[in-house]
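Biologist: I have the sequence and the structure open. Can we go through a few residues?
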Amino acid sequence: KEDITVIYTYTKNPGTEENIKGNEIVKTQINTIIGANSKFKYVLTYTGRVEDYKGEATVTITDTLPYEVLSIDYDNTACTYNETTRLLTCTKTVELDEDNKEINDIFDVEVTYKNLTSEIDLTILNKATSTLTFGEAAKTDESEVSNVVEAGTVIAKYVDEANKEIADSVTTTGLIDTDYETEKKTIYGYTFKEVDGEETGTYTK
């Protein structure tokens, strides 16, 4: 008596964009920016879902920072930062199967920029990109946030003892938290007596 053997042969699904049922990166600012020395605190949130695919999948998030960085805090178990290119890269790899179809992660980042300067309000635009790769598929998504660092104004006035202007005032502007400096003038027919106000300091709102 011989056993009857029936063999079913399967071809592994190659993994294409058709398998992707979710792929989104969201960059969220979580604090208010006051001045040039503020910490920019934000969260990178990735949510992805792949159906009918078994195997390894990797999501890579890249965040190119727009200015030189004074300090940066991030999850160094999943992320790296390149000072030369100002590129923050975070990765996560998961094994997908019937019971595990999702790729979800959250990365917290805090950045302080170095030497921000501008005579007017400065808009800082920051974009993050995610790339989901598995099998033969690679799909990207983008998210960006925009912050405004406001500028402050300092006016230096030159007056006599009756508070009458005797020379043109000098107005300077700069980003809040950055330094300003005023100076006294040599004015023909007058001798400097005193100054009221801070000659040096930082711009305020």
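Biologist: Where is Glu198 found?
Modeller: This is a predicted model, to start with. Glu198 lies in the loop that runs between β12 (179–181) and β13 (200–202).

Biologist: Is Glu198 buried or exposed?
Modeller: Glu198 counts as exposed, because its relative accessibility is 63% and the cut-off for exposed is over 50%.

Biologist: Which residues form the negative surface patch?
Modeller: Glu181, Glu183, Glu198 and Glu199 form the negative surface patch.

Biologist: Moving on to Thr202. Where is Thr202 found?
Modeller: Thr202 is in strand β13.

Biologist: And what does Thr202 contact, leaving aside neighbours within four places in sequence?
Modeller: With those neighbours left aside, Thr202 is in contact with Asp177, Thr178, Asp179 and Tyr180.

Biologist: Why does Thr202 count as partly exposed?
Modeller: Its relative accessibility is 37%, and partly exposed covers the range between under 20% for buried and over 50% for exposed.

Biologist: How many Å apart are Thr202 and Phe134 in space?
Modeller: They are 51 Å apart, C-alpha to C-alpha, and 68 residues apart in sequence.

Biologist: New topic: Thr129. Which strand is the place of Thr129?
Modeller: Thr129 sits in strand β8, residues 122–134.

Biologist: Buried or exposed, for Thr129?
Modeller: Thr129 counts as buried, because its relative accessibility is 19% and buried means under 20%.

Biologist: What does Thr129 touch, not counting residues up to four places away in sequence?
Modeller: Not counting those, Thr129 touches Thr60, Ile61 and Thr62, and also Thr140, Asp141 and Glu142.

Technical notes. Residues are numbered from 1 along each chain as its sequence is written. This is a predicted model: local features need pLDDT of at least 70, side-chain atom pairs count only at pLDDT 80 or more; totals for chains, interfaces and linings use all residues. Side-chain values use heavy atoms; hydrogens and water are left out. Patches are made of residues with over 30% relative accessible area and no salt bridge: like charges are joined within 9 Å, nonpolar side chains (Val, Leu, Ile, Met, Phe, Trp, Tyr) within 5 Å. Accessible areas come from the Shrake-Rupley method with a 1.4 Å probe; for residues, only the protein chains shown count as cover. A salt bridge is a side-chain nitrogen of Lys or Arg within 4 Å of a carboxyl oxygen of Asp or Glu. Lys and Arg count as positive and Asp and Glu as negative; His and the chain ends are not counted. The place of a charge is taken as NZ of Lys, CZ of Arg, CG of Asp or CD of Glu. Helices (H or I, at least four residues) and strands (E, at least two) are DSSP runs, numbered from the N terminus. Buried means under 20% relative accessible area, exposed over 50%, partly exposed in between (1.4 Å probe, protein chains only). Contact means heavy atoms within 4.5 Å.
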